[in-house]
Amino acid sequence: MGREHELALVEDRLGAAAGGAGQVVLLAGEPGVGKSRLAEEAAALAARLGMRCCWGRATDEEGNPAYWPFRQVLRALGRSGAAPGRPAGLLGPDPGDVGGAEQRFRLFEEVSELLVAEAEKSGLLVVLDDLHWADEASLRLLVYLARGMAGARLAVLAIYRDTEIGEPLRRTLAALAGEASVTRVRLTGLAEAEVGDLLAGVTGWPSPESVVGAVSRRTRGNPFFVAELARLLGGEQGDGAELPDGIRDAVRGRLGRLSAWCERVVSAAAVLGSAVDPPALAAAAGWDVGEVLDALDEATAAGILTAAPDAGAGAGTGAGTGAAESGSTSIRFGHDLIREAARLEVATARRLTLHRRMAEHLIGRVDAADRAGEVAFHLLESLPAGDAGLAVAWAERAAGQAMAQLAWEEAAALYGRALAAAADAALGGPDRCRLLLARARAQVRAYDMVNARRSLLAAADLAREAGDARTVGEAAMVMEGVTDFVWDATGAALYAEALAGIPEQDSVLRARLLAQFAVSDSWSPLSDAGARSAEALAMAERVGDRRAVKEALRARQLALSGPDGVTDRLALGDRMLAMGEADRDDDAVLWGRLWRFDALAQLGRLDEAEAELDPIDAVTRRLRSPLARWHALRYRAAIALARGRFDDARGLSEQALELARRAGHEGALVPSHGFRLIVATQTGEDDPSIEEATQTAPPTVAISAVWASWLMAAGRRDEARQVYRALPPASSVPGFLLLSTLFATAELAAEFGDREAAAGTYRAMAPYADLFACGGAGVIAILGSMRLPLGRAAAATGRLDDAVRHLRVAAEVNERAGTPPMAAFARYELARALARRRRPGDRDEAAALAESAGATAGGLGMAPLRARCAELARSLSGQVAGPLTRREDEIAVLVSQGLTNRQIAAAAHIAERTVENHVQHILGKLGFTNRAQIAAWVAAGRPRRPADPRPG
C-alpha cells in the first residue's frame, strides 16, 4: 500500500536483470516501514518474469558464522555441504582470517561465478535481508559481486535499516556508491490518505478524518505502527490500553540496542517532551551537558531522535521542553510512539522528579514568563509529589496566555487541570469559582456549550454559597453573545437573582445584567425586553463603559428584532460596527456585520446583505471561534438558498449543523435542522435523516410550520394537516421569527382551505408587505417578498383581485432581488389566482406563467414546484385550440405590428415580463428564433404547421 513508485522502480530493475544487465537494489528504511513487504512483492514480480528467488538473512544473534546470508542463499540453490561445485571453504572459517587475501579473493570469485551461472538458467533474484547485522566478510562479498555482475541475469535486493548503520555497512555503501548497476530506494512513512486506507483495511471500517490525521501524526505513516494502532482502535488490545504491546515491544528492541547510558538519557528525554533541549535535560536530570550531547548523538544516529533545522527560537507552548537553544538544529523524537513507549519504561517516582526539576529549571530562566505553558505542564505532571499551589498558579497563567492567543480549547483544558489540582492545593471557594468562570468563558469561545453550562452553574453555586450576588451575575454573563433557548430560562433566573442582590444604582455590572436579562427574555413575545434593554443602554451610556454599551446594544437589537424594528436594527448594526472598528474589538465588528445582514435581508436589499459575507468571513478567521464560524456558514447558506444554489446551500448547512452538533448547542441545532427542512421542501429531497432529526428537535412553532410544509411537498397531506392543526398562533412566537412563521402559516392555511386562519394571517402580514420573510435576529432562510404569502392568503379568502395584485408585485420584486426560487413560486401562485379569476386573458396568462415557473423550477432542481406547474399547465391547456393559446395569438399579432414588449404590455394591460414570457413561448411552439419569423407567420395566415416563413 502506498508503494506504487518504489515497486515500479524495482520492477524496472528486475526487468533489466532478466534481460542480462545485472542489478543491485539497496532498500533502506526504519523498522516497520515495509521493507520486507516490498521485498515479498519483488519476489512475486521476479516469479512472474520466470526468475528464481533465494533469500538470505543476517542476524544479530551471537555466534552466527561468517557469510551467513550467502550460506542461506547457496543452500537454497542446492550448493551447500559436500555437494559438487561448492565454493571451497565457504562453510568453514573466513578465509580472510586464516589464509590471506588471495584465498578470500578466490572464494569471492567462486561464489560470484556460481551465482552468475545459476542466474543464466532462468534469471535469479537474491534477497539479502537485515544487512545492517551482516558480518563484514559478507558485506565485502556483496561489493565484489556487485562489481562483477554487469552482464549477468542476476538481481540482488539488499535490505537494511538506515537507523542502525554501523561502520562496516557505511563503508560498504560508500564502496557501492559509484557502481552504475546499483540503485538506492529509501522507504518513508505512508501519506495521510494511505494511512486512512490501512486503518480501514485492518479495522474493517473507514475511520473519521480526525482519527486518520491523529494516527498519521503519531506514527509518521510507519505501517507497522499504524497497523498496531488500528488493532487498538478495533478493540483487540482491550479497553484502557496505553499502547499496543507490539509497539512497546518494538520500541524496547530498538532502545535495547543503544548503550546503557544513551538509553537512560533517551528515557529521561521521553518523559520531558517530544522536543529535546539538551541543557534543560541535563539540568533536570543532574547530568553533564557534554555527556548528554554524546548520548543524543548516538540516539540520533540510531533513528530514535531526529535533528532538523531550527525554524525559530526554542519557545514551546505545550507539553515539551522547547527546541535546542544551541546551534541551528532542534532535536525531537522521530515518532511520538517511540517517545511514549520509552516514557512508560521510566518508574513513576523518577518521572515526577524529572518534571519537578524541569519546572524549577524553567522558572529560573529569564524567559520563564514566555514559557508559562511549559512550566505549567511540568508542574502539573509532577503532581502529586510536586507543589500543587504553584502548579495551579502557572496553569492559570498559561491558560490566560492561551486565551490571548485565541487558543480556546487549550485554555479550557489548562483551566480544567488547574481545577483538578486545586483540591491538592487546598484552594478556597472564591479561587475555584474564578477558575470555573475562566474555564466557562474558554468553553464558550471553543463552542463547547454543554460543558460551558456545567462550569458556570458550578461557579454560580459556589458564589451563592458565599452570598456573592456579583459573582452569580458574572457567572450568568459568561453566556453573553449566545442565544440558546435551552439556557435562557436558567440564565434569566440567574440575572434576576443577581440584580436582586446588588444595589439599585447605576453601575457597569447592573447595566450588563439588565442587558443580559433582556437578551434571555427575548424568546417571549410578552417580555419586558424592550423596556429593560432601553434601561440597560441608558445606564451603560451614563456610566460610560463601552463594553456595557455593546452588551446593551445587543439587548436592544433583540428587543427590536420584530419586523417593526428593522430600520432601527440597521442603525444599531452601524453603531456596533463603528464601535468595534474603533476599539479593534472583533466581537463587536462581527455583531455589527451580522445585524446589518439581518436588517438588509429583511428590507429586501439582498445584494447589500450578500456584500457583508466576505467581511464576516474575515472577522471570523481573526476570531477563530467555531460559534462565529457557525454564523458565517448559515448566512452563506441563506444567500445560496435565496439565489437557488441548492447544492451550495445544502453543503454549507451540513457544515453548520456539524458545528452545532459537536457543541451541544440547541439554539444552533434547531435552526440548522429547520434550514435543511426548507431546502428539502423546495427540492423534494426525501432524506430519512432529515425527518429523524426534525422529529427529535424541540417543537417550536417555526420548525413545526416548516415541517408541515415539508410533509405537504412530500405528498403526506394528512400528516401535514395534523401538524397544522396543532400549531399555536403566530402571536406566540418571538418577534424575530414572526415573518417566517406568518409566511409558512399563510401557505398552510391556503392549502387546507382555512379561510379564517388565512384572513387573520393576512391582517397580521399586511403592515409588512414591503419586507422580505426572514428572521430579524439571526437569518436562517430568506423566503422572498412578503407579497407572496399575502397573495396566497388573499386567494384563500376569495379576494382574487388582491391576490393577483400582491402576486404580480411578488414576482417582480423577487426577480429584481435575485431570488429565482421565490420568483418562480410567485409566478406559479399568480397563475393559480388568474386561472380562478377567469377574466378575459387570465387563463392564457396563467398558462404562460405556469410554463415559465415550471421551466425555472426545472432548471433549479425544484421538483415539487415543477410538478405542480406541469399539472396546472395541463389543466389550462384544454381551454384553447391551435398551436398558440388565445393570449399568445393576440401577442403574436401585436409582435407582427412591430410593437416592442413595453408597447405590447400597455396595449394588452399585462406586465412587460409577462409579454417576454409569451414571446418566448410563441417562438418555442412555432420553432422560430426571432420576431421577424413571427410577423411572417401572421402575414401567412397563421398556418397550423408553419413551414419556414423567413422573409425572402
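A salt bridge is taken here as a side-chain nitrogen of Lys or Arg within 4 Å of a carboxyl oxygen of Asp or Glu. By that criterion the structure holds 61 salt bridges. The model is a predicted one, in which local features need pLDDT of at least 70 and side-chain atom pairs count only at pLDDT 80 or more, while totals for chains, interfaces and linings use all residues. Residues are numbered from 1 along each chain as its sequence is written, and side-chain values use heavy atoms, with hydrogens and water left out.

One of the salt bridges pairs Arg371 with Asp367, with 2.9 Å between the closest N and O atoms. To describe the setting of such residues, buried means under 20% relative accessible area, exposed means over 50%, and partly exposed lies in between (1.4 Å probe, protein chains only). Arg371 counts as buried because its relative accessible area is 2%.

A second pair is made by Glu551 and Arg512, whose closest N and O atoms lie 3.0 Å apart. This pair links distant parts of the chain, with Glu551 in helix H26 (residues 546-559) and Arg512 in helix H24 (residues 508-520), 39 residues apart. Helices (H or I, at least four residues) and strands (E, at least two) are DSSP runs, numbered from the N terminus. Both Glu551 and Arg512 are buried.

Glu612 and Arg593 form another salt bridge, again with closest N and O atoms 3.0 Å apart. Glu612 sits in the loop between helix H29 (606-610) and helix H30 (613-623), and Arg593 is in helix H28 (residues 586-602), so the pair ties together parts that are 19 residues apart in sequence. Glu612 is buried because its relative accessible area is 4%. Arg593 also counts as buried, at 17% relative accessibility. Elsewhere, salt bridges with shared partners connect Arg717, Glu751, Arg792, Glu829, Arg832 and Arg868 into one network.

The backbone has several details to inspect. The peptide bond from Leu383 to Pro384 is cis, and its omega is near 10 degrees. Pro384 belongs to the loop between helix H17 (372-381) and helix H18 (388-404).

Asp130 has a phi near 55 degrees, a positive value in a residue other than glycine. Asp130 is placed in the loop between strand S3 (124-129) and helix H6 (136-147). With a relative accessible area of 18%, Asp130 is buried. Arg624 likewise is not a glycine and has a positive phi, of about 55 degrees. The loop that contains Arg624 runs between H30 and helix H31 (626-643). Arg624 has a relative accessible area of 49% and is therefore partly exposed.

The next topic is the cysteines. A disulfide is a covalent bond between the sulfur atoms of two cysteines. In the model it is identified as a pair of cysteine sulfur atoms within 2.5 Å, and the structure holds zero disulfides. Cys262 is buried, with a relative accessible area of 0%, and Cys869 counts as buried at 1% relative accessibility.

Asp288 lies in the loop between helix H13 (278-285) and helix H14 (289-301). At 44% relative accessibility, Asp288 counts as partly exposed.

Two C-alpha distances complete the walk. Glu815 is part of helix H40 (residues 800-817) and is partly exposed, with a relative accessible area of 32%. From Glu815 to Ala826, eleven residues apart in sequence, the C-alpha to C-alpha distance is 9.6 Å. Arg254 is in helix H11 (residues 245-256) and counts as buried at 6% relative accessibility. Arg254 and Pro31 are 223 residues apart along the chain, and their C-alpha atoms are separated by 8.8 Å.
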